[in-house]
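Trainee: Hey, can you walk me through this one? I'd like to start with the strands.

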Amino acid sequence: MQDNATEVTAAGIARLAGVGRAAVSNWRRRHADFPKPVGGTESSPSFALAEVEAWLRKQGKLAEVPLRERVWQQLAGHPEGPLTALVHTGCVLLLIHERPTVWLDASAGSDARLAAMLPGALDQVLTPRFGGAPGGTVPDGPSRRAVGAVNGPLPVNTGGEGGSVNPTPQTPGVNSAADVTGVNAALTAPAVNSSPTSPPVNTPPAVHTAPTIHDASAAAHPTAAAVTPQSSGTTQNASTGQAAHAVDAAHAAAATPAASAAAAASSPSVTPATPTPAVPTPTGPQLLPSAPLLRGAAELAAEAGARQTFEFLLGRHLDANPRQYTLTPADLAGLMADLAGPARTILDPACGTGALLRAVDARPEQELYAQDGAPELAALSALRLALHSRATVRAAAGDTLRADAHPGLRADAVLCHPPFNERNWGHDELAYDPRWEYGFPARTESELAWVQHALARLADGGTAVLLMPPATASRRSGRRIRADLLRRGALRAVVALPVGAAPPYNIPLHLWVLRRPDRAPATPEVLLVDTGRFAGEGRGGPDWAAVREAVLDAWRSFAREGRLAERPGLARSLPVIELLDDDVDLAPARHLPPAAVADGAEQLTQVRERLGATLRLTADLTPPPADPAPPVRWPLTTVGELARGGALVMRTGGNGGHARVPVLTDHDVLAGTAPSGTLPESEEEAVLTEPGDVVVPVLGGGSVARVIDDATGGAALGRNLVLLRPDRTALDPWFLAGFLRGTANNRQASSYASTATRLDVRRLQLPRLPLEEQRRYGARFRALDEFERALRQASRLGEQLVRGMYDGLTDGTVAPD
């Protein structure tokens, strides 16, 4: 049964019918019985999904809706929004995963019966997995924690990425509900107002009470396409009502009667808030609009598995809203987890959608602690982790710095991708907070507040790994704290990542590796690593295999020996005393000798020899003089006509895939480089290239077409690319690619209505010629392609030689004569 409240946009209709958006616009104009808009705006209307499906089926344009597409459309068009729909779906998928027979019993019958039975069924899973009493209630008594009022929605930070997970059996983990930061039981409400009049409170003891949090605009995260994903309470766009953190019990030790009494005595104006479960059990009325979606998700889970279904839906949502989330790439999350090492208790105080905790290697009796400021996002993180592993999940919603949900925790490891450049992180309210062991952070140094929070939650000898903006290593306002971190042996390593490692992609971010000192080091040194040499071209991302090998090898050698022999241009360890100057600048590039110091002259000789060979090849490949010829008027056809006639197959780049393969991006095509990108991991079938395919970028206005060779074949097709697979008995690939590159051809097939030029590949033209004539042209186009590649290689080698000569002459490794 289809939910009439579910809405779908024109883009969604196009996906359902397998057509372009222009076709949907034509249907609306030409067919009087096309469904009328039920929402949205005049420029972007939305339609009832049930009416659209009925109309498409009546017109013969919808033979069968793919199940995962139907489920996605139901989720995206949910009347309460996709985040609420994701939380409801995640709860049911966890029920299916752990107690499938209970779901079968509840789902037998009408939607009303399903909605009535689900709350009780979900309580059987959510309560033992995430803590709390059934129905979201917690008994009175000393287990209640005093927390401050939360006024208004908090900024959202997300740190997840879509992807399938390996099935593993689950055992319920019991989480104490004793000391959990309050979370609104209603999933659609973005904030908890437990004591609206409570003033900010500073408590010197170890229990951190939560002072009043002001409006979300003051704490909004400044970064763009992914306002740092994992931040405990920051939202780039509060109006989206972003997600919640799985509220979990923190530690009973921190919520003893004595501790509660001390907290109450020190802050009498703070009204205790009743804790609620990490994932509050939705009520029957809340679940009723989701019933069709839940049935569809269960059907999809029967095919793909509950974990994979949730990863697909979450990944699709994150991919559809790239500006609302800053994701931590899976490769970076894996590197951070490996730097922290094996651990039984792990905390992420700014967890977003759980990417970092999901990357941790599983261990027996493992406990995962998490916190985030957005309630729905925190719930999604908890559900994702519960579906992913057997570990006990203890998560909470709330502003970590102002209202720490785990004040008594001493974890083996802390992983964190905090929000960057926050001004409203609690500077005024937290002046006397006991976490500032290494100095009170300046208002502009929110990242150093997160560093000290991580150290405060570590057990002696525990390791913390934080992703940091590079300015934190050198800003003068933080030099005193950096100096104390070095003197006391807390900061063990600073790793400069390549450009493009994580959002914002134009900045080379840093990793800080910290240890909570259990003893003073005899001869303290700090490890500095610079992996900038492994940056990829364009936006394809760095060479993660090389980054991982270089960083882990240097860190493990340093951890064993306490020092590291110099690796020019890559890594070295420095005595702390050498860094304790007026600036305490920890940027690795300032302290590492360039690679040219070791083998500069020899390396430059090799580059010069390669450049000479490339220039000779370029000269040989230079096209012969062009003979003038009268203009030729061929009979023309279009790519669209050839596709309809079966002479070629058109495919567009996907949004994900279930296989980890190299991804050919539009930047790779434009730059003529190897596949360098990644796609979110999902259950979608990636479009894989084959030798002889022609790939065309649709954005940017350039006249480019690339023929796939044996080296590139097998790569997945990235976004903003169209693949043309010609029938070799009718079309020559090089003939096709060559004529598609004509400037006039691209101009007549491009749209200039928006700020970006977009190419309509179907309108590109090429002449109707016999196959033998096509091959004559194709041979000439192929020779031009080889010449173009040689020119690009000569340009890269020339730039490398010039830069190396400048560096060698200025650092004394190359003599002027």
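**Strands, then helices**

Mentor: β4 (residues 345-348) and β5 (residues 367-372) pair in the parallel sense over four bridges; strands pair if DSSP finds at least two bridges between them. This is a predicted model, where local features need pLDDT of at least 70, side-chain atom pairs count only at pLDDT 80 or more, and totals for chains, interfaces and linings use all residues. Residues are numbered from 1 along each chain as its sequence is written, and side-chain values use heavy atoms, with hydrogens and water left out.

Trainee: Which residue in β5 does I346 stand opposite?

Mentor: L368.

Trainee: And in β7?

Mentor: There, I346 stands opposite A413. β4 and β7 (residues 411-416) pair in the parallel sense too, over two bridges.

Trainee: Are the faces of β4 buried or exposed?

Mentor: Both are covered: T345 and L347 on one side, I346 and D348 on the other, are all buried. Buried means under 20% relative accessible area, exposed over 50%, partly exposed in between (1.4 Å probe, protein chains only).

Trainee: Switching to helices, how many residues of α14 are buried?

Mentor: 14 of its 14. Helices (H or I, at least four residues) and strands (E, at least two) are DSSP runs, numbered from the N terminus.
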